[in-house]
Amino acid sequence: MNFNKELFYKEFVQREEGLPRVSYNSELEFYYYVMNGDVDTVKRCCEEEPLIEKPGLGILSRNKLQNMKYHFVITTALVARFCIEGGMEHSAAYTISDMYIQKADEALTVAQISELHPAMCIDYATRMRSINKKKILSKYVSHCIDYIYNNLHTKITMNDLSEHVGLNRSYLSKLFSKEMGISITDYIIDKKIDTAKNMLLYSEYNTAEIASILAFSSQSYFNEVFKKKTGITPTKFRNTNLFEIRENRNTSRSK
């Protein structure tokens with residue numbers, strides 16, 4: 001496949017495509033503020049850019065109130081997932097999201113949804129701050145994670161990471177596993193598969209293109225790893241989830 005993988009990867013995570021859409025990188029950055037329990041920054045971001053004024057939000061419904069509810073649900077679901085990745089218990093994360101989504105469902109105005117957004121984000125961030133106090137990552141592991149996220153379009157090696165953070169390969173590997181509870185190799189694969197899921201749902205790239213963009217050695221290997229991690233093939237994941245998204249939208253519209 002003859003294309004620039006870095007360019008395609010960056011295009012996807014930036015989500016520019018010539019449209020005034022929200023930068024994917026800035027979205028990720030905000031979710032990481034929540035996940036890391038950075039309450040002050042989360043408050044500042046919400047004050048500077050309320051949900052109702054956020055530029056580039058897609059049109060999921062022609063009804064303004066319903067459109068804002070859809071975006072609130074998506075944001076809440078993503079915040080919950082990031083917090084789970086950051087160490088919050090699944091049951092706690094989903095209970096909180098259910099509570100806020102129910103409140104959003106009862107909202108009668110766009111302004112009420114926009115006011116609910118910072119409350120939800122700050123609530124999660126405050127809870128994550130308490131959780132994160134119990135597990136502080138070293139700067140080496142933090143730098144490792146940053147490098148991995150910025151280079152998912154490449155074949156990341158231990159040599160790359162050890163040179164980037166300035167630590168011996170063996171020591172870095174042990175330190176990462178100790179602090180993250182997972183090997184570097186498995187962590188990289190997990191992040192590539194997470195990104196692949198987003199690409200399958202929110203881009204037009206086919207599975208061969210996604211495999212190449214994320215630096216898998218072949219489409220068949222990508223399919224194998226994806227199925228091992230998720231239990232289904234990339235194609236089935238795309239078809240199933242897109243169908244469920246459409247069904248949920250149709251159900252909401254018919255209420």
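In which helix do Asp 123 and Arg 127 both lie, and how many residues apart are they? The legends below begin with this pair. The model is predicted, with local features requiring pLDDT of at least 70 and side-chain atom pairs counted only at pLDDT 80 or more, while totals for chains, interfaces and linings use all residues. Residues are numbered from 1 along each chain as its sequence is written, and side-chain values use heavy atoms, leaving out hydrogens and water.

View 1. Asp 123 and Arg 127 both lie in helix H6 (residues 110-132), four residues apart, about one turn of the helix. Their side chains meet in a salt bridge at 2.7 Å, N to O (a side-chain nitrogen of Lys or Arg within 4 Å of a carboxyl oxygen of Asp or Glu). Asp 123 counts as buried at 16% relative accessibility, whereas Arg 127, at 40%, is partly exposed (buried means under 20% relative accessible area, exposed over 50%, partly exposed in between, with a 1.4 Å probe and protein chains only).

View 2. Lys 229 and Asp 190 meet through their side chains in a salt bridge of 3.0 Å, N to O. This pair links distant parts of the chain, with Lys 229 in helix H12 (residues 219-230) and Asp 190 in helix H10, 39 residues apart. A further salt bridge joins Asp 194 to Lys 191, with the closest N and O atoms 3.4 Å apart. Lys 191 is buried, with a relative accessible area of 6%, and Asp 194 is partly exposed at 32%. Glu 85, Lys 191 and Asp 194 are linked in a network of salt bridges.

**View 3. Aromatic pair between helices H2 and H7.** The ring centres of Tyr 32 and Tyr 149 are 5.2 Å apart and the planes stand at 75°, so the pair is edge-to-face (rings of Phe, Tyr and Trp, the last by its six-membered ring, pair if their centres lie within 6.5 Å; planes under 30 degrees apart count as stacked, over 60 as edge-to-face and the rest as tilted). Tyr 32 lies in helix H2 (residues 24-35) and Tyr 149 in helix H7 (residues 139-150), so the pair ties together parts that are 117 residues apart in sequence. Tyr 32 is buried at 18%, and Tyr 149 is buried at 19%. Ring pairs link Phe 30, Tyr 31, Tyr 32, Phe 82 and Tyr 149 into a cluster.

**View 4. Surroundings of Phe 216.** The charged end of Lys 192 sits over the ring of Phe 216, 5.9 Å from its centre (NZ of Lys or CZ of Arg within 6 Å of the ring centre and within 35 degrees of the ring normal). Phe 216 counts as buried at 9% relative accessibility.

Note on methods
Helices (H or I, at least four residues) and strands (E, at least two) are DSSP runs, numbered from the N terminus.
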